[in-house]
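Good morning, everyone. Please have a look at the model on the screen, and I'll walk through it.

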Amino acid sequence: MSHDGASTESALDIDGLRFRYERRGHWVVDVAGLRLGAGEQALVTGPSGCGKSTLLHLIAGLIEPEHGGVRVAGDSVFGVRGSARDELRGRTIGMIFQTHQLLSGFTAAENVMAGLLFGDVDRSEHRGRADELLGRLGVDAVDRPVERLSVGQQQRVAVARAVAGSPALVLADEPTASLDPDAGRGVIELIQEVCREHSAALLCVSHDPSIVDRFERRHAFASLGAKPPGSAG
């Protein structure tokens, strides 16, 4: 399996991660193991509602698993709680949501700056970094409220926000769901290019067949629970 841009450094390590919404319910997420090296890019595919988004929320520490662990850039996500986990997330993870989840009433630049609040970038650099990234991504109206931007421009703001803090890992949740195939491919190309420029690993989850050939490393969501060859149990 080709590992595009990978190195020996680990951006993401998942070990025996299991989650279910009800104590006796079925496992929504059951991932025996998954590793991404620094700069590596992978796609997890599966139908809507299968648990792909839940997996990303677990990786980001937004919800707690019943079993298992996640390490991002060597740090245990579930080894810290509260503000310490917020700081870890802000420093190591960038997120691109299906619905963007931008702050309405705030400008494009302010949305990117908000993504820097929990990271370790000095506050005096926030505005300059936001303007630079937005300009690089073709967003000229940096002081316009995001709700007055086109959907495509909003997506670019979301990408800028995700990489502004130079995270080790970017999580992309169905980033093409609201776009036609041509626009979707353009967005994926943009996300991949920006992640490469910032040396960030990328884990994208999607049910969009039009973007599959953009990734050399691909996993079916249902296969992630399979134990590796030779494992016990």
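Four strands form an open sheet, in the order β2-β1-β4-β5, with antiparallel pairing. Strands here are DSSP E runs of at least two residues, helices are H or I runs of at least four, and both are numbered from the N terminus. Two strands pair if DSSP finds at least two bridges between them. At the edges sit β2 (29–37) and β5 (75–76), each pairing on one side only. Eight bridges join β1 (residues 10–19) to β2, antiparallel. One detail: F19 has V29 in β2 as its bridge partner. Helix α1 (residues 52–59) packs on this sheet and touches β1, β2 and β4 (67–72). Contact means heavy atoms within 4.5 Å.

A word on the basis. This is a predicted model, where local features need pLDDT of at least 70 and side-chain atom pairs pLDDT 80 or more, while totals for chains, interfaces and linings use all residues. Residues are numbered from 1 along each chain as its sequence is written, and side-chain values use heavy atoms, without hydrogens and water.

Now two serines. S166 lies in the loop between α5 and β7 (169–173). Its phi is positive, near 50°, and S166 is not a glycine. S166 counts as partly exposed because its relative accessibility is 40%. S199 is in the loop between α6 (181–197) and β8 (201–206). S199 also has a positive phi, about 55°. Buried or exposed, S199? Exposed, at 53% relative accessible area. The cut-offs: buried is under 20%, exposed over 50%, partly exposed in between, with a 1.4 Å probe and protein chains only.

Conventions
Axes are lines fitted to C-alpha atoms, for helices over the stretch in contact, and angles run from 0 to 180 degrees between N-to-C directions.
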